[in-house]
Amino acid sequence: MAALRESIPTDATPTDFPTRVVIAVSSIATWANAKPLDGPGGALTTRDVARRGLAFGAAKATADAERVVVRAAVPGLLETHVVCPGALYGGGEFEHGFLASMRAAWEGKPVCVYGDGDNVIPCCHVKNLATFCAKLAAKASAVEEDGTSIVVAGEEEKDNERDIDRYLLLTDEAPHPTQRFIAESIARAFDAPLVRVPVAAAAATASSRVVGDAPSSGGGAEGVAMLNVNVVPSDVTRVVGAGGREWRAHVGGFGPAVEPEAPEEEAEVAEEKDSDAAEDGTSTVAAADDAAEGEDAAAAAAATPEDPKEEEEEEDKWELVPELVGGMPAVAEEFLQGNGLAPIRAVVRGPPLSFAEDLALTTAETYALPLITPASLLLEHMPSLDEETRA
């Protein structure tokens, strides 16, 4: 960062020197030891960056790198930002995230819940992080005519206030999930059991890692699962240019799939229609014309016998329900595709007394797969056969 800053000429201005943008992606593990002012369970914001407490191992190195990136900024010439996402998930999953839990669930093994599982874990889908960083880079590289950045406050602001703008917390939509909720969602998606593990055992496993991360620093799957941080994400509407969730590539987090959000234009049109329907500003002439047309229609309807088919067609009018998107089903599908885990389809055959059916049964139970045998096929299709065939 020092070399990048020294490469900028001393007399350079944003109008004649291209703006350089550096975006550093941090880790929620740097907030593991933060103490909110209003006591345990309180919410933390970007204004609490300086009071996050001591970090250990890789988390300490990450926190030190954050400060280097933020302080290297030169407004209008070198725009630096630190984006701290929640615990990353999605795609093929991450070694220091939920990969171990997803792999265990896919293999039919129990998904671990450390302690009571009520700790809060802010999460962020990796696609949402990538989308946000791309938008932030485009926004930070744009400057006003006077050379000030669109995102970051001007030089007249205090340094600490400008630093807050340069540090951004990015998480999924609130409320943040608990460890138990995430574990239950993963287990349910792969039809795997849950098992509770004492916190002491998990801490011993995490502290024995070669990387030297303390459990509270987010080292390994156990460290992430034992995080308990309630953070308030930054207001990103200035960056993404939208107040809703339409900019997010993934919605629903680890919960069930949700209905897609209507595009902004469609929503505006719907609001205009509703407002027009609610207004009573029609003229007297228009009202009289409508009344006359209504009387004519009623007379015509009385003269013509009603067609029952037309009534049925009107009653049969319906609208398609939008397909649900995101949520845990999308996360599980991304995990399977990202790791090349195609559905298992195997045929187990063998000579008599080779116990092929027993081997197939064991395999199906191990990987939570449906088992099809000659006996099961016969029982399934027997009711649909005629009496002669059954005999």
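Trainee: Let's start with cysteines. Is Cys 112 buried, partly exposed or exposed?
Mentor: Bearing in mind that this is a predicted model, Cys 112 counts as partly exposed, because its relative accessibility is 28%.
Trainee: And how many disulfides are there?
Mentor: A search of the whole structure finds zero.
Trainee: What about Cys 124, which cysteine sulfur is closest to its own?
Mentor: The closest one belongs to Cys 133, but the two sulfurs are 8.6 Å apart, which is too far for a bond, since a disulfide needs the pair to be within 2.5 Å. Cys 124 is also buried, with a relative accessible area of 0%.
Trainee: Switching to helices, how do H3 and H13 cross?
Mentor: The axes of H3, residues 99-106, and H13, residues 327-338, come within 11 Å and cross at roughly 85 degrees, so H3 is roughly perpendicular to H13.
Trainee: Which residues meet there?
Mentor: From H3 they are Leu 99, Met 102, Arg 103 and Trp 106, and they meet Met 328, Val 331, Ala 332, Phe 335 and Leu 336 of H13. By class, that contact has eight nonpolar residues, no polar ones and one charged residue.
Trainee: Last one: where is Val 82, and what does it touch?
Mentor: Val 82 lies in strand E2, residues 78-85, and is buried, with a relative accessible area of 1%. Leaving aside residues up to four places away in sequence, its contacts include Ala 24, Val 70, Tyr 167 and Glu 66. Glu 66 is 16 residues from Val 82 in sequence, yet their C-alpha atoms are 6.4 Å apart in space.

Definitions and conventions. Residues are numbered from 1 along each chain as its sequence is written. This is a predicted model: local features need pLDDT of at least 70, side-chain atom pairs count only at pLDDT 80 or more; totals for chains, interfaces and linings use all residues. Side-chain values use heavy atoms; hydrogens and water are left out. Axes are lines fitted to C-alpha atoms, for helices over the stretch in contact, and angles run from 0 to 180 degrees between N-to-C directions. Helices (H or I, at least four residues) and strands (E, at least two) are DSSP runs, numbered from the N terminus. Angles under 35 degrees count as roughly parallel, over 145 as roughly antiparallel, 65 to 115 as roughly perpendicular and the rest as oblique. Contact means heavy atoms within 4.5 Å. Ala, Val, Leu, Ile, Met, Phe, Trp, Tyr, Cys and Pro count as nonpolar, Asp, Glu, Lys and Arg as charged, and the others, Gly among them, as polar. Buried means under 20% relative accessible area, exposed over 50%, partly exposed in between (1.4 Å probe, protein chains only).
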